[in-house]
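Here are a few exercises to work through with the model open beside you. Try each task before reading on to its solution.

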Amino acid sequence: MALSMHSSIEGNTARLQLVGEVDGTTAPQMRAEVDKLLNGSPQNLVLRVDELTFMSSAGLRVLIFAKQKQPGLTIYVVKPQAPIIDTLRKTGFYDGVYVTETEPALA
Amino acid sequence: MNLETRQEGSVEIVELEGSIDGKTAPEVREQLRPVLSRAQKLILDMTKVQYLSSAGLRLLLLSYREVTAAHGKVVLLGVSKDIQTVMSHTGFLSFFTLADTREQAAQALT
Amino acid sequence: MEGRIDYYPTHECRGFRFRKGHVLPFGATVVGSGVNFSIYSSAAEACTLVLFRKHEPEPMVEIEFPRSFHIGGVYSMIVFDLDYEDIEYGYRFSGPWDPGRGLRFDYSKIVSDPYGRVIGGRDLWRAEPDWNDLYQHRARLAFDDFDWEADHPLETPIQDLVVYEMHVRGFTAHESSSVSAPGTYAALREKIPYLKELGVNCIELLPIYEFDEWDNNRRHPETGELLLNYWGYSTIAFFAPKAGYAATGQFGMQVDELKTTIKELHRNGIELILDVVFNHTAEGDHRGPVISFRGIDNAAYYMLTPEGYYYNFSGCGNTLNCNHPVARNMVIDCLRYWAAEYHIDGFRFDLASILGRDQNGAPLSNPPLLESLAFDPVLSKCKLIAEAWDAGGLYQVGSFPAYGRWAEWNGKYRDAVRRFIKGDEGLTGEIATRVQGSPDLYWHRGPTASTNFITCHDGFTLRDLVSYNWKHNEANAENNNDGANDNNSWNCGWEGETADPAVNELRLRQMKNATTILMLSQGVPMILMGDEIGRTQKGNNNAYCHDTELSWMDWRLVETNSGLLRFFQKVIRFRRAHPALRRRRFFEHSDVHGAGILDISFHGLQPYSPDYSSWSRCLAFMLSGHGAPELDADIYVAMNMYWDALPFRLPKRGHGGAWTVEINTSMPSPDDIFDPGQGPAVSGDEVIAGPRSIIVLTANTHS
């Protein structure tokens, strides 16, 4: 299945909505988008994933890449579906991000 | 075990031949006794010594110490490579001064 | 003969003059111009001393001990005019043959002296013996005068030890070792510079008490060659160093050679611990040979069943009756002898749980032998380490009768770390306990009671631990039935040797992970000979019978695996440089010194949130430099055993300098480990640990 994305930057916060699936094929798209967003050196990256049905570890590697490129970056994962939570737990990444039910209010 | 002693100037030289082991050590000790008590410069020529047993090594060290305790000097001349290896392995080598030639031995005694 | 009024012969036998001797010391001792022989048996009726000229098949003379020479159960005599370099001696005992009552006297057999300090018959390793010789292992006299000069046991504090478990012969037998006398005590001296550079300060030697390398009747399934007893866990004589391990063994000089090696080790700051095997002897069960104990005092030395058979708590046929006063005294005399005469720094007791069993095999809560050893004045500064289990089902890790002195091989540490690095879930709680020194097991003692290890001679080498899922012991000729099955190993994706670079890179990383955890744990670390250069036994996890390249140290690997060796050298140096890693007491989990952080704290990807759930595979911890025994740096360790990288947010410290990276096992050499202060600084408050990797950071406690 495909991946569609929508992104924006406000102040220190980059927002990225992911719809569909992030797997080996679509992860490069996600990475390219994240790479663009990081050009502005945001402090926060908010991922809206309520419509993301699947994310493989390829997608998590994009997040690691983001943290390496932008040290100190804080990542929020908003309204993840069960399979996403599952992946986060299985890979140990759950504690590496802030999982929230509502959009965090950030500058 | 054959033992011959002679003097060259102030230097005592003892030539040993054969093996020094538990059987021959007491006899060697007896024959060395007079030399050890008077020698101030002593060369023990080991060129013709084929084998030193544990008893032989100990006799050698005790003899060495007897002379050096009286402020004398002792050099072992011509110890074969094989015997040197055994002396090294058993911790005896480091106690002695060795020489390969008469000239070296004479040097070491000055 | 000068001085004493009682050194004149009173008897004569076939030209040999003798007299009543001294009860003590036991064994054979040179006294004046004679030799004193003394041996005890609680159940014999009579005894004869048998003397040989060295190597001769027939005895030179046999002298029966006259009745008047007995004191208690001790037979002693002084024999004069012996060339003590040239004689071998043994005994014949007469007494009842009544196996049902534990009595197995056989006057036709010549038995060796349990207190024999030198044993002849296996002077050259693997030289085929004369199988027709009626007396195979012949006691001889030792020259025990030795000029130690200023040498003494080092008394290195146990928490400062880094132990290297070594097989004397295997260490230098391979021609690549380039030593002058391969496989010997002398050759070990030549490798001291290597050991110093590695950074280990204690060698633990596999058994060096005389044993019979021919004690094996199996043949290699492919070559047909007779397999050997290579490890030596089968003692013939407890007071004698193995002649076959000495370059000068053929001249009978092994005592001097070993002492010289020990002197040299000590001069270089390296302690020596002996692996001692008091749980059984080479005599086997009722079908085994009569070498010594069985023919002298069978029921005293061995644990016997009510029918007179041999209890087998060792898995090797017989069990030494360690808490019987006769056997107990022999063990104590033996250890005192090695500590005093050889300046040995410590002893590791094989299958030590046997030492806590009574004469019927029942476990004792207060075993006399273990108590005696713990409080013996001669041994009071020796390390005492127990392999705290036996083959009879007794598992005492954490409950070994320690009297505040004994340390243990911590098998639980080994299992937890192996499982953790191979990626098993839910280990983080146990790992948190193990890196602290296992307070769950040793709460009444301290971390120094725990000898931490991941590999030892029993089982896989470190390289094989990460290269094989299953054991491959076919060459042992037991259909691969021998050796442990629960190895907790993982082959990283391929079984055995492979050219796949990804698999080999992962294996290298895993070896570094294992060693890093080991060196950063409280307790005493022990590594196995060759792990630092990736020694392999091709998946054989029970190589006890192979005196071949399979078990020898291959020194060519020093070059081939130079990156791994460099890592070992530096991580050992790291441990030795940080007192925070070498505590004598457990952590208090408090901030005693007002440092602003606890002496130890645990973390996950988020500070102070360690994940101890059943699926967790990562853990971090931080040590406070102020909380260390001496002021040290703060140390942070993140261990990620997931298959993907993870970000670890660093805990805040009230004050202190910036973090620098010391170790990062996900990086290739030379960026995997740095000299102190040479690593990259950490920017920000997060580090990313690569998949299956460990990161270690340090920071000054003051800004």
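**Exercise 1: a strand pair**

C:Val163 has C:Cys202, a residue of strand 15 of chain C, standing opposite. Keep in mind that this is a predicted model.

Task: Find in which sense strand 14 and strand 15 of chain C pair, and over how many bridges.

Solution: Begin with the residue ranges, which are 163-166 for strand 14 and 202-205 for strand 15 of chain C. Next, follow the pairing between them: the two strands run in the parallel sense, over four bridges.

**Exercise 2: the barrel**

Task: Work out the order in which eight strands of chain C close into a barrel.

Solution: Then look at the twist, which averages 25° from one strand to the next.

**Exercise 3: chain C against chain A**

Task: Say how many residues each chain brings to the contact between chain C and chain A.

Solution: Count on both sides, taking residues as in contact when their C-beta atoms, placed from the backbone, lie within 7 Å. Chain C gives 19 residues and chain A gives 14. On the chain C side, strand 27 (646-649) and strand 29 (686-689) each supply at least two residues.

**Exercise 4: chain C against chain B**

Task: Identify which element supplies the largest share of the side of chain C that touches chain B.

Solution: First, the contact joins 17 residues of chain C to 11 residues of chain B. The largest share of the chain C side, five residues, belongs to helix 4 (residues 254-267) of chain C. Finally, that side divides into eight charged, six nonpolar and three polar residues.

Terms used:
Residues are numbered from 1 along each chain as its sequence is written. Chains are lettered from A and ligands numbered from 1 in the order in which they are written. This is a predicted model: local features need pLDDT of at least 70, side-chain atom pairs count only at pLDDT 80 or more; totals for chains, interfaces and linings use all residues. Two residues are in contact if their C-beta atoms, placed from the backbone, lie within 7 Å. Two strands pair if DSSP finds at least two bridges between them. Axes are lines fitted to C-alpha atoms, for helices over the stretch in contact, and angles run from 0 to 180 degrees between N-to-C directions. Ala, Val, Leu, Ile, Met, Phe, Trp, Tyr, Cys and Pro count as nonpolar, Asp, Glu, Lys and Arg as charged, and the others, Gly among them, as polar.
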